[in-house]
Amino acid sequence: MTTLPQIPFERLRAVLLRGERIAIALSGGLDSSVLLAAAADILGAEHCLALTAQTPYVMEEEMRDSAELCRRLGVRQEKLSFPIPASIADNPPLRCYLCKHALFSALKARAAEEGFPLLADGSNMDDLSDYRPGRKALQELGIVSPFLEASMDKADIRRLARELGLPESISGKPAYACLLTRLEHNRPVTEAMLKRVDTAETFLRSLGLKGCRVRVHGEDLARIELPEKERLLFLNRELAAPVAHRLRELGFRHIALDLEGYSRGSMNEPS
């Protein structure tokens with residue numbers, strides 16, 4: 001067992017030790033990945049279960065990362081496949097609440113069937129400052145959020161990842177979100193469009209643009225958001241032409257670089 005540093009990590013240990021067995025809702029992102037690694041370290045891999053919701057709006061890269069992490073930790077993973085729920089088929093403003101309620105209800109039921117009374121997620125203190133209607137669903141369902149209970153933010157989680165010996169591919173992973181956040185509200189969601197966005201962002205990340213978002217307006221306008229340093233990289237390396245070419249291959253007619261850069265939850269803002 002790794003000797004974790006003191007506060008706030010001792011608080012996390014106390015939270016996790018409340019139960020002898022715990023299931024983690026593992027998305028493949030930074031937060032849930034580090035939570036699973038910490039739980040496996042503290043409770044033992046055999047006392048942990050990773051439950052992963054496989055949906056059309058989850059990035060394929062994150063699905064692969066979740067499987068690789070479970071192999072690394074020796075934790076059993078179950079992937080539960082879900083279609084796009086009818087309640088969010090037109091991407092309503094309360095999409096996150098409706099989605100979380102549907103998916104976590106199923107994950108919690110599966111955890112109970114497998115003998116794991118607790119289901120935890122990777123919510124942390126930084127999430128409290130963002131628009132996250134899904135938090136209400138998690139609270140209603142009694143989902144445990146150990147990082148919140150331990151008052152840990154994203155910086156704490158990255159530090160914990162390094163203390164646990166996790167690779168830079170995890171500790172340095174940018175914060176991602178489900179692919180539905182790239183689409184406008186109140187427009188029909190199609191698996192084809194989600195795939196286009198996922199493929200476009202995968203291509204941009206292959207060019208070193210790790211913090212990219214490809215926001216879609218209408219059917220054929222792709223607005224690329226990048227953090228400031230990556231916007232400079234984009235311009236200095238003259239990536240505009242190859243990016244435009246690839247995104248046009250994917251079916252986008254108009255490709256724009258957002259001059260204000262990456263903004264978390266920008267599609268939630270009034271148009």
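Visitor: Are K154 and D31 buried or exposed?

Guide: This is a predicted model, and in it both K154 and D31 are buried.

Visitor: What makes the contact of K154 with D31 a salt bridge?

Guide: The closest N and O atoms of K154 and D31 are 2.8 Å apart. The cut-off between a side-chain nitrogen of Lys or Arg and a carboxyl oxygen of Asp or Glu is 4 Å, so the pair qualifies. K154 sits in helix α7 and D31 in helix α2, and the bridge links distant parts of the chain, 123 residues apart.

Visitor: Which residues of helix α7 are buried?

Guide: In α7, which covers residues 154–163, the buried residues are K154, D156, I157, L160 and A161. They span an arc of only 155° around the axis, so they lie on the same side of α7. A155 and R162, on the other side, are exposed.

Visitor: What do the buried residues of α7 pack against?

Guide: They pack against four helices: α1 (9–16), α2 (30–43), α6 (146–149) and α8 (168–171).

Visitor: How do you know that D153 caps an end of α7?

Guide: A side-chain oxygen of D153 lies 3.2 Å from the backbone nitrogen of A155. A polar contact needs N or O atoms within 3.5 Å, so this distance passes. The capped end is the N-terminal one. After α7 comes G165, with a positive phi near 75°.

Visitor: How many salt bridges does the structure hold?

Guide: The structure holds 21. One of the side-chain pairs that meet in a salt bridge is K195 with E60, at 2.6 Å from N to O. That value is within 4 Å, so the name applies.

Visitor: Why does the pair of K195 and E60 tie together separate parts of the sequence?

Guide: K195 belongs to helix α9 (residues 191–206) and E60 to helix α3 (residues 60–73), so the pair joins parts that are 135 residues apart in sequence.

Visitor: Are K195 and E60 buried, exposed or partly exposed?

Guide: K195 has a relative accessible area of 41%, so K195 is partly exposed. E60, at 38%, also counts as partly exposed. Buried would need under 20% and exposed over 50%.

Visitor: What makes R223 and E225 a salt bridge?

Guide: Their side chains meet at 2.6 Å, N to O, and the limit is 4 Å. With a relative accessible area of 15%, R223 is buried. E225 has 1% and is buried too.

Visitor: Which residues are linked in a network of salt bridges?

Guide: The network is made of R76, E78, R110, E113 and E114.

Visitor: In what order do the strands of the open sheet stand?

Guide: The order is β3-β2-β1-β4, with parallel pairing. β3 (76–81) and β4 (119–120) are at the edges; each has a single partner strand, so one side of each has no neighbour in the sheet.

Visitor: How do you know that β1 and β2 are joined?

Guide: Strand β1 (residues 22–25) and strand β2 (residues 48–54) are joined by 4 bridges and run parallel. Pairing asks for at least two bridges, so they count as paired. One example is A23, whose bridge partner in β2 is L49.

Visitor: Which strands does α2 lie across?

Guide: α2 lies across β1, β2 and β4, at about 165° to β1.

Visitor: Is L207 buried or exposed?

Guide: The relative accessible area of L207 is 17%, so L207 is buried. L207 is in the loop between α9 and β5 (213–217). Leaving out residues up to four places away in sequence, L207 touches L233, R237, L239 and V243.

Visitor: What is the phi of N186, and what of E238?

Guide: N186 has a phi near 60°, a positive value in a residue other than glycine. E238 is not a glycine either, and its phi is positive, about 50°.

Visitor: Where are N186 and E238 found?

Guide: N186 is in the loop between α8 and α9. E238 is in the loop between α10 (228–236) and α11 (240–249). The relative accessibility of N186 is 52%, so N186 counts as exposed. E238 has a relative accessible area of 65% and is exposed.

Note on methods:
Residues are numbered from 1 along each chain as its sequence is written. This is a predicted model: local features need pLDDT of at least 70, side-chain atom pairs count only at pLDDT 80 or more; totals for chains, interfaces and linings use all residues. Side-chain values use heavy atoms; hydrogens and water are left out. Buried means under 20% relative accessible area, exposed over 50%, partly exposed in between (1.4 Å probe, protein chains only). The arc is that of the directions from the helix axis to the C-beta atoms. Contact means heavy atoms within 4.5 Å. A polar contact is a pair of N or O atoms within 3.5 Å; within protein, one must be able to donate a hydrogen and the other to accept it, and residues adjacent in sequence count only if both atoms are side-chain atoms. Axes are lines fitted to C-alpha atoms, for helices over the stretch in contact, and angles run from 0 to 180 degrees between N-to-C directions.
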